[in-house]
Amino acid sequence: VLFSFHLSKTSAWVWAVDQRHIEVFPLPPMEQIAKEVADYNRALRAGESADAPATRLYQELFGKVPAAYLQNTRWLLEPDGPLYELPFASLVVAPNTYLIEKAALESVPSALLLASGGMPAGGEFLGIGDPVYNAADQRFHGGHGKPEFSLARLPNTSEELRSCARAWNSPSPNLLTGG
């Protein structure tokens, strides 16, 4: 399913598109979404509990979308405006359940690129991920001081990058991981 967002000062919408249907649903004003995304990101960076804003954002963005779309296990997301800053995967869909646990998420720059011939065959692929953040990662080879902020390694991100490269069908993908 494709979720395509349009946010402007005068209107905000999400289109839900699958193989048989296309529907559009209203969203809160862009200013409200921008503030909530900024507040959510600030809470995440501060290490505060962010489940309440993550639940609220999920409901605001997808609450009016019928379950038939939401039950799809592969989501293409075409964000707009402040939604480029939103970590969709961490939105809370139900108590103790994150969106990434319900669906594979892929951000697309434009739904038009999904059309046949929209992407050049065999184009170059650059994947950046699975970084070493700090001493919480076994691959860390830096100083031995106690980190001020510690993030554990995200599981399976290297394999996800390799899968993306295979799907892209690049003859020589460039994958930047680790340090």
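The legends below walk through several close-up views of this predicted model. Because the model is predicted, local features are given only at pLDDT of at least 70 and side-chain atom pairs only at pLDDT 80 or more, while totals for chains, interfaces and linings use all residues. Residues are numbered from 1 along each chain as its sequence is written, and side-chain values use heavy atoms, leaving out hydrogens and water.

View 1. Rings of Phe, Tyr and Trp (its six-membered ring) pair if their centres lie within 6.5 Å; planes under 30 degrees apart are stacked, over 60 edge-to-face, and the rest tilted. The pair joins distant parts of the chain, 83 residues apart: phenylalanine 5 sits in strand 1 (residues 2-7), and phenylalanine 88 in the loop between strand 4 (74-78) and strand 5 (92-94). Helices (H or I, at least four residues) and strands (E, at least two) are DSSP runs, numbered from the N terminus. Both phenylalanine 5 and phenylalanine 88 are buried; that word means under 20% relative accessible area, with exposed over 50% and partly exposed in between (1.4 Å probe, protein chains only).

**View 2. Phenylalanine 62 pairs with tryptophan 75.** With ring centres 5.1 Å apart and planes at 50°, this pair is tilted. Phenylalanine 62 belongs to helix 2 (residues 51-62) and tryptophan 75 to strand 4, 13 residues apart. Both phenylalanine 62 and tryptophan 75 are buried.

**View 3. Glutamate 36 reaches from helix 1 to helix 2.** Glutamate 36 forms a salt bridge with arginine 56, the closest N and O atoms being 3.7 Å apart. A salt bridge here is a side-chain nitrogen of Lys or Arg within 4 Å of a carboxyl oxygen of Asp or Glu. Glutamate 36 counts as buried at 13% relative accessibility, whereas arginine 56, at 42%, is partly exposed.

**View 4. Lysine 35 and aspartate 39 share helix 1.** Their side chains meet in a salt bridge (2.6 Å, N to O), and the two residues are four apart, about one turn of the helix. Lysine 35 is exposed at 54%, while aspartate 39 is partly exposed at 29%. Lys35, Asp39 and Arg42 are linked in a network of salt bridges.
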